[in-house]
Amino acid sequence: MKNQSVRLKNVKHPRARSARACPSPCGKYSRIAILILLGMLCVTLSTAAKPHEELTFEPIHFKPPVPEQRELSNGMKLYLLEDRELPLFNINGLIKTGSIYEPGDKVGLASIFASVMRTGGTVAREPDALNEELESMAASVEISMSAEYGGMNLSTLAEDIEKGLEIFADVLMHPAFREDKLELRKQQTIEGIRRRNDNPIQLAWRNFSALLYGKTHPFGRYSEIEGVESITVADLQAFHAKYYQPDNISLAITGDFDTETLIAQLEAVFAGWENREIEFPDVPLVENAPEPSVNYIFKDLNQTTMLIGHFGIKRTPDFPDYFALRVMNEILGEGGFTSRLMREVREKHGLAYMVGSLMQTSYYTNPGEWFAYSQTRADKTAEAIALIIDIVSNLRETPVPADELQRTKDSLTNSFVFQFDSSSQIAFQQMMLAFRGYAPDFLETFSDNIAKVTAEDVRQVAQKYLHPDALTIVTVGNKDSFDRPLSEFGEVNEIEIVRPEPPPAEPMPEANEADIAKAKEILAAAVEAHGGIEKLQAVKNFVMKRQTAANTPNGPMQIEEILSYLDPDKVRQDMNIPEIGEMSQIFDGESAFMKGQMGVQPLPPEVVNTYRDSVFRETIGLLTNLTLNDVPVQYAGTAEVNGTPASVILVTQPSGEMLRIFIGEETHYVVKMSFRETSQGVTANWETLFDDYRDVDGIHISHHIVQNVDGELFSETWVNDVMLNADVDASLFEE
């Protein structure tokens, strides 16, 4: 059999010649994690005068280039900025739509729409053909969706502008919304719903928003399985027909182009796209703030995730307090390591690793959200809450010292200009300001307006917009480990989180004697190909050093790891993860736990089944077990794996889920396993592919492994070294 490799497109391996980066946009919940990484590192200098201290500098004068504004004959608005530094061409578009306009019984429709609008191809272009056409040009077309607007992007080489525009217009005007792509996206969304309670930050924020706005309001509701299942192709077509019209679209266009030539090309590709009147649904207004409340969500963790806040601000183009609020919240918690929350809660008192604050705004007459957030040791929960409330109160009562105020304003001003280091960022921001109704000179005057903020301004907006006596507190953790009861802060409301029921295990089909006999014959050939039963049986442990490239919500990640197995059912995975450091996950045959910088953390009991199944699937132990213990197996036909034929045999895993083992008909190696896995309420379809088999002490072991989840590439692993029957210390597998 040919050793064909399935490469993970979004991940670059050191041996690979090139790879395409595929960054993912930061969503609502991932932004918190990003905020804690921001800030300036304060360095204490000696008081002795130094030559550089006598230098003076002119203040920063930020004057970005102004895009030329034009309008097509169909009403489409353009923001054009020629930039011939590189032979590139880029479009970033906005359209007035968003999840706030989706029907209340089909929450999730907008994001599913955006995904399928791109993956479903167009009427004239099948999805694969569209992707291949873009790949051949090193171009991309993307569609996105947020709560309050939709996005669209074209990126291509300047020499391919004409073809790129034709494809871009085809996607916008004639999306196909194919049924199979819709069903795939719905299943992915449903699995996301099943796993959404796994992340305590998401869990806390989702319930915080629901408490403020109510579960039926567009800003407080969230998708459920029943609503997602009800979404049809007709729903997507209706959403497109209603909002995707040229006079509802703005395009920020930058790159190596001639303006007049480009406008003629745009008129041509969008010719015939007609406008219709759009009736935007009303967004309900939230008139009154909810009563202060203390809310608790049980999750068996040794740390507590908390959100402490209330409604934020209603932002309008002429909102008078915007700049003072920016300075205030930077001082409080959004300024990273220089903020008060970080200095007091984390550095001085050692109560949290992650802490900060966030002030969101809304543009549809409803207030946004303001809250302080923290992840704190469970036995310091009440202490951390009390300290955060004290810090908020102090900001209202005591003027900010002059040096802290100036440092904060300098930080905001200096970091602001780096948000516009490309022509595409500048054009997009100008388009967004116009989309929101802001003055064209907002960017130019930002630094001056920040500089005008006084200590009294900060105190006044803190008194006006921060209300420590009207807080909604949401905690996620285990109250049995708290230092003091939450009732200290008010009557406690326990929020019960209901996990969706996982589907029943897939049953094994009935087998006849011929299928059983053939399965045993195929299995015997596989055992011989991998080294023979005597050699396989002699392996009592092994250590595997490997490098894994994984797709994560924050983009591709390289992980160095050591995987250790100890006969018969123990496994340890030691990992070095960028920006996280070293951590270990261990299954000792009975329980699972994790070791890291935060100490030892037990993993949920339901994870144990997942580990038992993973140990069962380890190739050497699996072949040995199926041969010596007479585990029932049966033949299930043939299939192609990487273009070569493979026999399929079925076996039941310890969890009761069925495992499909694909054995190459030429090599008799195990080339693939597929199975369904349910963990913490989440059910996913996994596929593991094996190739690049090499001889290790007479046993053939795969040195290249690819894993797919629900049809999407998840990880790719390269094995660097394998040691059989190594000197493994059994204490490594103990808690």
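1. Strand β18 (residues 581–587) runs antiparallel to strand β19 (residues 592–596), and four bridges join them; two strands are said to pair if DSSP finds at least two bridges between them, and the elements named here are DSSP runs numbered from the N terminus, with helices (H or I) of at least four residues and strands (E) of at least two. Four residues lie between the strands of this hairpin, where glycine 589 takes a positive phi near 100°.

2. This is a predicted model, in which local features need pLDDT of at least 70 and side-chain atom pairs count only at pLDDT 80 or more, whereas totals for chains, interfaces and linings use all residues. Residues are numbered from 1 along each chain as its sequence is written, and side-chain values use heavy atoms, with hydrogens and water left out.

3. Contact here means heavy atoms within 4.5 Å, while axes are lines fitted to C-alpha atoms, for helices over the stretch in contact, and angles run from 0 to 180 degrees between N-to-C directions.

4. The axes of α10 and helix α16 (residues 455–465) come within 9 Å and cross at roughly 85°, which means that α10 is roughly perpendicular to α16 (65 to 115 degrees counts as roughly perpendicular). Ala324, Leu325, Val327, Met328 and Ile331 of α10 meet Asp457, Val458, Val461, Ala462 and Tyr465 of α16. By class, this contact has nine nonpolar, no polar and one charged residues, where Ala, Val, Leu, Ile, Met, Phe, Trp, Tyr, Cys and Pro count as nonpolar, Asp, Glu, Lys and Arg as charged, and the others, Gly among them, as polar.

5. The structure holds two cavities of 30 Å³ or more, a cavity being a set of points on a 1 Å grid over the protein atoms alone where a 1.4 Å probe fits but cannot get out, with lining residues having an atom within 4 Å of a point. The largest cavity has a volume of about 90 Å³, a volume being the space filled by probe spheres set on the points, which are joined across faces, edges and corners. Its lining of 10 residues has Gly335, Thr338, Arg407, Thr408 and Ser411 nearest the centre. Both α10 (322–334) and α13 (402–416) supply at least two lining residues, and α13 gives the most, with four. The lining of the largest cavity divides into two nonpolar, five polar and three charged residues.

6. The second largest pocket (an open set with protein on both sides within 12 Å along at least five of seven lines) holds about 480 Å³ of space. Of the 26 residues that line this pocket, Asp567, Pro568, Asp569, Val615 and Gly621 lie nearest its centre. The largest share of the lining, six residues, comes from α20, and by class the lining has 13 nonpolar, seven polar and six charged residues.

Terms used. Parallel < 35°, antiparallel > 145°, perpendicular 65-115°, else oblique.
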